Amino acid sequence: MATAAPSSFLSSAARRIPPIQCLLTFEALARLRSVTQTADELCVTPSAVSHRVKQLEQILGVQLFGRADFSLTTEGSAYLAHVREGLGALQRFPGAAATPGRRRLKLAVTPTFARTILIPRLRQFTEAYPEIDLALQVSIPLLDVVAEDADLMVRYGAGHYADVEYVELAGDVVTPLASPAFVREHGPFDRPEDLEGVSLLRSPLEPWRTWFAATGLAWAEPSEGSQFNDVGLMCDAAAAGMGVALVRLKLGAPWLENGTLVRLFSIDTASPHAHYLCWRTGTMDRWECAAFAEWLRKTMA
């Protein structure tokens, strides 16, 4: 499982910029996992490869490779993303004439995450990486229905994916939301118990039992009422006055900001689900995938 990039070793490394040949050797060895192949690619001797890696580790003060098969340590994996981002920037400078060609990256993403979180930030990525063409495809939350040829996937669920490597992008809290008109007609809502008999919109993405337990209500999960497998559709339904929706605050932000939905209570609780960036083993060997993963992790921080 991938983890967020630690910053402690980067602060010490900032005092000295590693030689470019060390960075090139590190990137190649992480990608090829062979001293011989790395030496052939860089036109140096195998001993030079080993010397450069040791020199880089001494400068950084950390171990980059963990075992004889050249698998990366946690620090090595984190630093590799920075190295590839930096090498990619050098390839782009000073203009398009210096670029080796355009790269295509296929991203499968859940609909509401794409509309409310990714798309508003995406221009930052396309401006930083103009040579990467993004192809966005829709995935279905919880069911993990994604295009088989997607390079990177944003999944929504409880995590613990056995078929891919992954990193958690962001947790969130949930709280009941409804339209102002619905509140006027069915309110006031002063206590959680005031939801009794009220139409509760349902979704497997956000089970009500999570919020019930946090408020001390011994209520069962609702078994009747309209059900949705997309948070955006559920928010639209709540805004149209169909009932009360249990919504993640980050995903529900657009509806709250434009006033079509309002909070009923000040009680929030952590969602049992989160968004995860997932990829198949070997995908991060492509610098464009590593660059996007590092950018998305930072923009979600």
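# Reading strands, helices and salt bridges in a predicted model

Modeller: Let's start with strand 5 (residues 173-178): 5 of its 6 residues are buried, so the rest of the structure largely encloses it. Here buried means under 20% relative accessible area, exposed over 50%, and partly exposed in between (1.4 Å probe, protein chains only). Helices (H or I, at least four residues) and strands (E, at least two) are DSSP runs, numbered from the N terminus.

Biologist: What should I keep in mind about the model itself?

Modeller: This is a predicted model, where local features need pLDDT of at least 70 and side-chain atom pairs count only at pLDDT 80 or more, while totals for chains, interfaces and linings use all residues. Residues are numbered from 1 along each chain as its sequence is written, and side-chain values use heavy atoms, leaving out hydrogens and water.

Biologist: OK. Which strands pair with strand 5 in the antiparallel sense?

Modeller: Pairing first: two strands pair if DSSP finds at least two bridges between them. Strand 5 pairs antiparallel with strand 6 (residues 245-248) over 4 bridges, and there Thr 175 stands opposite Val 247. With strand 8 (residues 269-270) there are 2 antiparallel bridges, and Val 173 faces Ala 270. Strand 7 (residues 262-263) also pairs antiparallel with strand 5 over 2 bridges, with Val 262 as the bridge partner of Ala 178.

Biologist: How many bridges join strand 3 and strand 9?

Modeller: Strand 3 (residues 152-157) and strand 9 (residues 274-279) share 5 bridges in the antiparallel sense.

Biologist: Now helices. How do I read burial along helix 11?

Modeller: An α-helix has 3.6 residues a turn, so residues three or four places apart point the same way. Helix 11 is mostly covered, with 12 of its 14 residues buried; among them are Trp 287, Phe 292, Trp 295 and Met 300.

Biologist: What about helix 2?

Modeller: The 13 residues of helix 2 should span 18 Å at 1.5 Å a residue, which agrees with end C-alpha atoms 18 Å apart. Its buried residues include Leu 23, Phe 26, Glu 27 and Leu 29. Arg 33 follows helix 2 and has a positive phi, near 55°.

Biologist: How many salt bridges are there?

Modeller: Side chains of opposite charge can pair when their charged atoms come close. The rule takes a side-chain nitrogen of Lys or Arg within 4 Å of a carboxyl oxygen of Asp or Glu, and the count comes to 14 salt bridges. In one of these, Glu 41 meets Arg 31 at 2.8 Å, N to O. Glu 41 lies in helix 3 (residues 35-42) and Arg 31 in helix 2 (residues 20-32), so the pair ties together parts 10 residues apart in sequence. Both residues also belong to a network of salt bridges with Glu 27, Arg 84 and Asp 285.

Biologist: Where does Asp 151 lie, and where is Arg 286?

Modeller: Their side chains form a salt bridge at 2.8 Å, N to O. Asp 151 is in the loop between strand 2 and strand 3, and Arg 286 in the loop between strand 9 and helix 11 (287-300), so the pair joins parts 135 residues apart in sequence. Asp 151 is buried at 13% relative accessibility, whereas Arg 286 is partly exposed at 30%. Arg 286 also meets Glu 288 in a salt bridge of 2.9 Å, N to O, and Glu 288 is buried at 3%.

Definitions and conventions:
The expected span of a helix is 1.5 Å times one less than its number of residues.
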